[in-house]
Amino acid sequence: MLQKSLTTTNNQKGSVRLEGNKVKLPKVGWVKLCLHRPLMENSTIKTVTISRTPSGKFYISILVEYENQILPIMPKKFLGLDFAMHGLYVASDEDDANYPSFLRKTEKRLAQAQRKLSKRQKGSHNREKQRLRVAVLHEKIANQRRDFLHKKARDLVGKYDAIGIEDISVKAMAKRKKGGKFSFGKSVADNGWNMFTNILEYKLAWQGKQLVKIGKWYPSSQLCHVCGFQNDATKDLSVREWDCPKCGSHHNRDKNAAINIREEARRISA
């Protein structure tokens with residue numbers, strides 16, 4: 001959901017205040033609002049940013065300052081997450097994310113709405129109404145994605161002390177060519193991996209936990225997590241399952257990679 005920042009103002013001598021379901025803004029006065037969550041106790045409002053979405057909704061972001069000493073914990077429970085193009089991630093000790101692909105489910109309706117918009121006369125009332133319909137669809141997709149990612153992150157953070165991920169470039173993944181065409185961009189953009197890892201990182205930090213980023217050259221998909229044998233044949237992305245030539249263990253490519261990421265995160269944190 002793209003938001004256009006309209007203004008940012010500092011709180012000077014109580015010019016910004018919250019009381020119940022109202023907020024006082026400079027030069028505006030008291031405005032009703034739906035508060036996402038209460039401010040921290042003994043916090044001081046520093047700045048307020050007012051934004052508007054393309055569908056016409058207004059949001060207020062409040063930056064506060066408060067004392068909060070978070071002590072880092074010694075991690076005991078580790079989890080590894082392997083990035084999945086369509087499903088968001090495969091986890092070492094959890095069910096796969098199975099991301100619902102909100103964009104792909106809505107793209108037919110979105111394409112129809114955008115075609116109608118392109119046929120409307122510029123500057124007309126009907127064009128503005130159709131532009132609003134398109135904006136609402138985009139906003140719904142963004143809200144669904146954000147809600148799903150927050151819930152997944154909150155669930156994982158509550159169970160584990162440290163979570164390992166590969167430090168991959170999503171931008172590079174989106175540009176990857178397959179068969180001469182850019183075939184991965186929509187899938188990468190839809191699942192919101194960068195947004196998910198950012199959410200995961202700050203939720204972990206709030207509890208003194210950590211997100212461990214594994215170098216992108218770490219061969220997580222090539223190593224047998226049982227005996228450590230490195231199978232170069234798995235450099236071929238079409239190899240989804242394989243048997244270790246050394247110990248005979250059967251591996252699912254992504255699950256094996258997630259376990260290796262978990263163990264590498266454990267090693268780094270030791």
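Start with Glu-94 and Lys-159: their side chains are joined by a polar contact of 3.3 Å. Keep in mind that this is a predicted model. Glu-94 has another partner. Its side chain also makes a polar contact with the side chain of Tyr-160, at 2.7 Å. Where does Glu-94 sit? In the loop between β8, residues 88–91, and α1. Buried or exposed? Glu-94 has a relative accessible area of 17%, under the 20% cut-off, so it counts as buried. Leaving out residues up to four places away in sequence, Glu-94 touches Leu-79, Leu-156, Lys-159, Tyr-160 and Lys-255.

Next, the helices. Helix α1 covers residues 102–119, and helix α2 covers residues 125–159. They pack at an angle of about 170 degrees, and their axes are 9 Å apart. Angles over 145 degrees count as roughly antiparallel, and α1 and α2 are therefore roughly antiparallel to each other. What kinds of residues make up this contact? Nine are nonpolar, five polar and five charged. On the α1 side, they include Phe-102, Leu-103, Arg-109 and Leu-117. On the α2 side, Val-134, Ile-141, Arg-145 and Phe-148 are among them.

Now to Asp-190. This residue lies in helix α4, residues 185–191. Asp-190 is buried, with a relative accessible area of 2%. What does Asp-190 touch, not counting residues up to four places away in sequence? The list is Tyr-99, Ser-101, Phe-102, Leu-103, Arg-104 and Arg-145. Phe-102, Leu-103 and Arg-145 also take part in the contact of α1 with α2. One distance for scale: the C-alpha atoms of Asp-190 and Val-48 are separated by 30 Å. Along the chain, Asp-190 and Val-48 are 142 residues apart.

Last, the strands. β2, residues 17–19, pairs with β3 in the antiparallel sense, over three bridges. Glu-19 stands opposite Lys-22 in β3. β2 and β3 form a hairpin with two residues between them. In that turn, Gly-20 has a positive phi of about 60 degrees.

β3 also pairs with β4, residues 29–32. Again the sense is antiparallel, this time over four bridges. Lys-24 has Trp-30 in β4 as its bridge partner. The hairpin of β3 and β4 has three residues between the strands, and Lys-27 takes a positive phi near 65 degrees.

Which side chains of β3 point to which face? They alternate along the strand. Val-23 and Leu-25 point to one face and are buried.

Notes. Residues are numbered from 1 along each chain as its sequence is written. This is a predicted model: local features need pLDDT of at least 70, side-chain atom pairs count only at pLDDT 80 or more; totals for chains, interfaces and linings use all residues. Side-chain values use heavy atoms; hydrogens and water are left out. Axes are lines fitted to C-alpha atoms, for helices over the stretch in contact, and angles run from 0 to 180 degrees between N-to-C directions. Angles under 35 degrees count as roughly parallel, over 145 as roughly antiparallel, 65 to 115 as roughly perpendicular and the rest as oblique. Contact means heavy atoms within 4.5 Å. Ala, Val, Leu, Ile, Met, Phe, Trp, Tyr, Cys and Pro count as nonpolar, Asp, Glu, Lys and Arg as charged, and the others, Gly among them, as polar. Buried means under 20% relative accessible area, exposed over 50%, partly exposed in between (1.4 Å probe, protein chains only). Two strands pair if DSSP finds at least two bridges between them. A polar contact is a pair of N or O atoms within 3.5 Å; within protein, one must be able to donate a hydrogen and the other to accept it, and residues adjacent in sequence count only if both atoms are side-chain atoms.
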